[in-house]
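Subject: Structure handover

Hello,

Here is the structure I promised you. Please open it first, then read my notes below.

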Amino acid sequence: MNLFPKEPLWCRHPDQYTWMPGYTLYVRKFSLAEAQTMSLAVSADCRYRFYCDGKFIGNGPCRGDISHYNYEEYTLDLSAGEHIIALDVLVWRGSWRECPMPWSEIHNGAGVLVCGFAGEVRLDMPEKWQCRIDTSRRSLEWHEAWGTGIITPVPPMDEVDFNRFDANWCTALCDDPSWVTPVKIGKAEFSGKCRNDTQTTWRLMPRMIKKSAYIPTPLAKILCGEKSVRLTNGILTGQLPAGKHRIIVDIGRNQTSMIHLAGSGGSGICRCAYSEALFDEENRRCRKEPLKGIIGQNGYGDRLILPSKKEWKYDSFHFRTGRFIELELDLSEPLTLEYLKITFATYPFEKYFEFRSPGNPLLEKIYDTAWHTARCCIHEHYEDCPYYEQMQYAGDTRIQALISYAATGEDAPGRQALCHFDWSRQHTGLTYSRYPTNFQQTIPLFSLIWVMMVHDHYRYFGKSEVVNEHVPGILAVLDYFERLRLANGLIGEPGDWTFTDWTSCWPGGKSNRNEGSPETVLNLFYAEACRMSAELLCIIGDTDTAKRLTGRRDRTIRAVNEYCFDREKNRYRDVPDKEYYSIHSQVMAVLSDAVEPSKQKDFLAQAVSDNSLTQCSLYFGFYVLEALKKCGDAENFIKRLEPWRKMLEMGFTTFPEVPHDRTRSECHAWSSGPVYQFITGLMGIFPERPGISSFDRKLDIRESWQISGDIKQLV
């Protein structure tokens with residue numbers, strides 16, 4: 001049986017209008033004469049949580065855009081008897097920068113779709129469905145959730161008034177006049193299959209990646225709180241009298257968590273706040289043991305209005321990020337805290353390399369922390385940082401995808417990322433720097449990195465159909481840069497945000513210091529993207545275009561060597577005719593073979609020890625390690641891991657955006673590169689030809705014959 005009827009419909013509450021913010025509940029009761037399998041397709045705008053007989057089943061839709069709007073498929077075995085399926089649907093307010101709507105989502109503001117069956121019973125909406133607007137909950141404005149006035153692109157926090165919240169809404173459908181029948185919006189359309197004018201704007205497609213996993217995680221310890229609260233098997237419970245209370249709980253490590261909080265009574269306010277670090281009274285971070293301090297306004301939080309002498313239960317609609325949870329309570333009557341517990345929310349990789357280094361436990365600790373960092377930065381797509389942005393940037397994503405490929409052998413999130421950025425391409429040919437997003441941004445270099453990502457995917461999985469799908473986009477990106485070629489052969493400044501890396505002397509991350517000059521590092525990235533693309537074109541049989549791209553690459557390298565190389569200093573300038581030098585230009589000269597292969601190892605060894613060069617962030621450190629790996633320089637490879645050692649010494653449990661105590665984000669995907677580097681560099685495991693032929697679960701430096709003698713001696 002087809003999940004979709006002949007005319008699947010989008011619906012909504014009859015009193016709901018487009019972009020009307022808030023929560024709406026949808027329920028459908030049905031009866032089965034015998035055990036059956038239920039199969040459903042579900043989607044909603046903006047977000048939904050799906051329940052069956054009161055049990056949480058899944059959420060969505062997976063992030064995409066209006067032309068590629070995801071639906072999830074669910075298959076459940078049901079017993080004979082009565083059943084209730086239910087949806088909790090959230091619409092955010094607006095889509096402007098200051099509005100409490102995540103920047104990583106693209107919606108049209110209100111709509112629900114359910115299609116499917118259980119045996120012979122059709123469950124399509126709106127037939128026999130009931131819905132109700134839930135006025136007991138709302139999304140908090142950012143000034144309410146976080147008193148510092150900061151605007152954060154992540155999904156907003158919740159406010160729940162348990163005096164009015166119906167805890168049984170998804171388990172018992174009562175005769176209440178507030179429940180009404182949903183109204184039809186219009187016929188559902190599918191991506192790439194619309195043959196005439198349409199009734200609705202969403203173009204549906206099935207979810208491309210697996211649904212998130214939720215792994216029970218015990219709380220580690222209570223850092224602040226009355227003796228009447230305690231941890232039992234990692235769950236916080238206890239009794240609290242009327243009055244004001246502060247309880248701080250340490251999860252044990254920074255992570256992304258679904259929050260589950262339940263109790264009885266209290267009749268007051270509970271602010272449940274989340275933070276990656278604790279702070280002292282002077283607003284300095286407290287990270288090393290013994291941990292102490294406060295979260296206060298340094299972290300964002302949900303607001304719960306507790307009832308009088310009534311049971312209540314809160315489950316966060318979206319995951320929260322942090323190592324610490326702070327409960328600030330102002331109670332007018334006693335509270336029985338039944339539980340505070342959490343589940344780790346992450347993408348469900350089925351297997352991964354376990355890295356063991358008995359001779360050097362530090363390497364093992366770096367690897368494990370980097371892998372945990374990477375896991376905290378992937379849910380419905382790759383994310384730069386889970387606490388502040390949750391957006392998929394091409395620069396970060398290339399590193400994350402390579403980690404996934406090398407450590408797990410799984411390509412679905414990376415394959416989805418290739419599609420996301422291709423969907424984002426503009427009329428110029430460039431992609432957006434981050435996608436999906438309702439707040440667009442263009443970084444031309446990141447379009448070149450997307451091109452490299454297509455090559456990375458083919459190298460690991462050998463899927464020529466993926467190459468064919470993205471060749472038009474690849475050529476559009478490369479043609480944009482070729483149109484910028486100057487008379488001297490260099491690629492000129494591309495406009496938009498010419499970001500390369502965050503350094504102390506590059507305003508806005510621009511290596512030309514805002515002076516409008518051609519950038520050496522951008523030219524070298526372009527040359528390398530042309531080389532990689534030429535390889536891909538040969539794979540699909542387009543040798544003529546491959547030769548043209550090879551010619552572009554060669555011309556660019558010649559121009560860089562003529563106008564950007566300082567022969568006296570044996571260094572590449574960041575721009576022609578200026579005494580600006582950085583590690584970035586030297587590294588890319590090696591990776592792109594602007595430096596002759598026979599000279600690369602000595603050239604790079606001198607460059608990485610030259611402290612006069614502008615140094616790179618943890619992000620670009622990925623390319624430094626790639627260059628050292630290419631040159632087989634084991635000694636300097638190990639030395640360049642020093643920032644990660646220092647971060648562990650500072651007490652980080654995930655690797656941050658920048659390696660110092662005033663970092664904005666303590667969990668940032670671009671810092672997790674050592675997972676990939678250890679597998680491909682220290683272990684020497686990578687596909688010698690396109691496609692992964694085998695995947696071993698455990699790596700042990702003592703047993704792997706693939707390690708070179710130099711590296712084995714060092715570790």
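Start with one pair of side chains. D456 and R398 are joined through their side chains by a polar contact of 2.7 Å. A polar contact is a pair of N or O atoms within 3.5 Å; within protein, one must be able to donate a hydrogen and the other to accept it, and residues adjacent in sequence count only if both atoms are side-chain atoms.

Some ground rules. This is a predicted model, where local features need pLDDT of at least 70 and side-chain atom pairs count only at pLDDT 80 or more, while totals for chains, interfaces and linings use all residues. Residues are numbered from 1 along each chain as its sequence is written, and side-chain values use heavy atoms, with hydrogens and water left out.

Back to D456. It sits in helix α5, residues 444–461. Helices (H or I, at least four residues) and strands (E, at least two) are DSSP runs, numbered from the N terminus. Is D456 buried or exposed? It counts as buried, because its relative accessibility is 2%. Buried means under 20% relative accessible area, exposed over 50%, and partly exposed in between (1.4 Å probe, protein chains only). Leaving aside neighbours within four places in sequence, D456 is in contact (heavy atoms within 4.5 Å) with R398, L402 and Y405.

Next, the nonpolar cores. A core is a set of buried Ala, Val, Leu, Ile, Met, Phe, Trp, Tyr and Cys residues joined through side-chain atoms within 4.5 Å. The largest has 131 residues, and F481 and F525 are among those with the most contacts inside it. Another core, of 45 residues, lies apart from it and includes I259 and L331. With neighbours within four places set aside, the contacts of F481 include L522 and Y526.

Now look at helix α7, residues 520–539. Of its 20 residues, 16 are buried, so the rest of the structure largely encloses it. G541 follows α7, and its phi is positive, near 90°.

Last, strand β20, residues 243–265. It is mostly covered, with 17 of its 23 residues buried. Two strands pair if DSSP finds at least two bridges between them. β20 pairs with β26 in the antiparallel sense over eleven bridges. There, H245 stands opposite L329. Nine bridges join β20 to β27, also antiparallel. In that pairing, H260 has K341 as its bridge partner. β25 runs antiparallel to β20 too, with five bridges.

Best wishes

Note on methods:
The expected span of a helix is 1.5 Å times one less than its number of residues.
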